[in-house]
Amino acid sequence: MKCSYCGNELPRNGGMMYVFRTGKINYYCSGRCYKYDIVMHRKLKKKAKATIAARPAKPDAQKPETPKQKT
Ligand SMILES: [Zn+2]
């Protein structure tokens, strides 16, 4: 299932489903996408699309390195 706003794949057992009175169903991967689409009625701009696409995966910099064993 893909997000109706940003097009990203929905997380497993996650995301939101929004049902319109007309019966149309929109899926959202996050509350942000829901808010932008339903509440703020924002249309995805090229800039936003590029931002989402260009956003790199979280680097593992915060992960503490395995302590080196002293020989
Ligand atoms: Zn989304």
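Modeller: Among contacts in the protein chain between residues at least 6 apart in sequence, 34% join residues at least 24 apart; two residues are in contact if their C-beta atoms, placed from the backbone, lie within 7 Å. The model is a predicted one, in which local features need pLDDT of at least 70, side-chain atom pairs count only at pLDDT 80 or more, and totals for chains, interfaces and linings use all residues. Residues are numbered from 1 along each chain as its sequence is written. Here pLDDT is the predictor's confidence in each residue, from 0 to 100. The protein chain has a mean pLDDT of 77, and 68% of its residues reach 70 or more.

The secondary structure comprises two helices and two strands, arranged along the sequence as β-β-α-α. Helices (H or I, at least four residues) and strands (E, at least two) are DSSP runs, numbered from the N terminus. Among these elements, S2 has the highest mean pLDDT, 90, whereas helix H2 (residues 46-54) has the lowest, 56.

Strand S1 (residues 16-19) pairs with strand S2 (residues 25-28) in the antiparallel sense over four bridges; strands pair if DSSP finds at least two bridges between them. Methionine 16 has tyrosine 28 as its bridge partner in S2, and methionine 17 has tyrosine 27. Five residues separate the two strands of the hairpin, and glycine 23 in the turn has a positive phi of about 100°.

Tyr28 also belongs to the largest nonpolar core, together with Cys3, Tyr5, Cys29, Cys33 and Tyr34. Such a core is a set of buried Ala, Val, Leu, Ile, Met, Phe, Trp, Tyr and Cys residues joined through C-beta atoms within 7 Å. A residue is buried if 20 or more other C-beta atoms lie within 10 Å of its own, exposed if 12 or fewer, and partly exposed in between. Of the 71 residues, 11% count as buried. Beyond its neighbours within four places in sequence, cysteine 29 contacts Cys3, Cys6, Asn8, Leu10, Pro11 and Gly15.

Two further residues complete the picture. Aspartate 37 lies in helix H1 (residues 31-39) and, residues up to four places away aside, touches Ser4, Tyr5, Tyr28 and Arg42. Aspartate 37 counts as partly exposed because 19 C-beta neighbours lie inside 10 Å. Glutamate 9, in the segment before S1, is exposed because 10 other C-beta atoms lie within 10 Å. Its C-alpha atom is separated by 9.9 Å from that of tyrosine 27, 18 residues apart along the chain.
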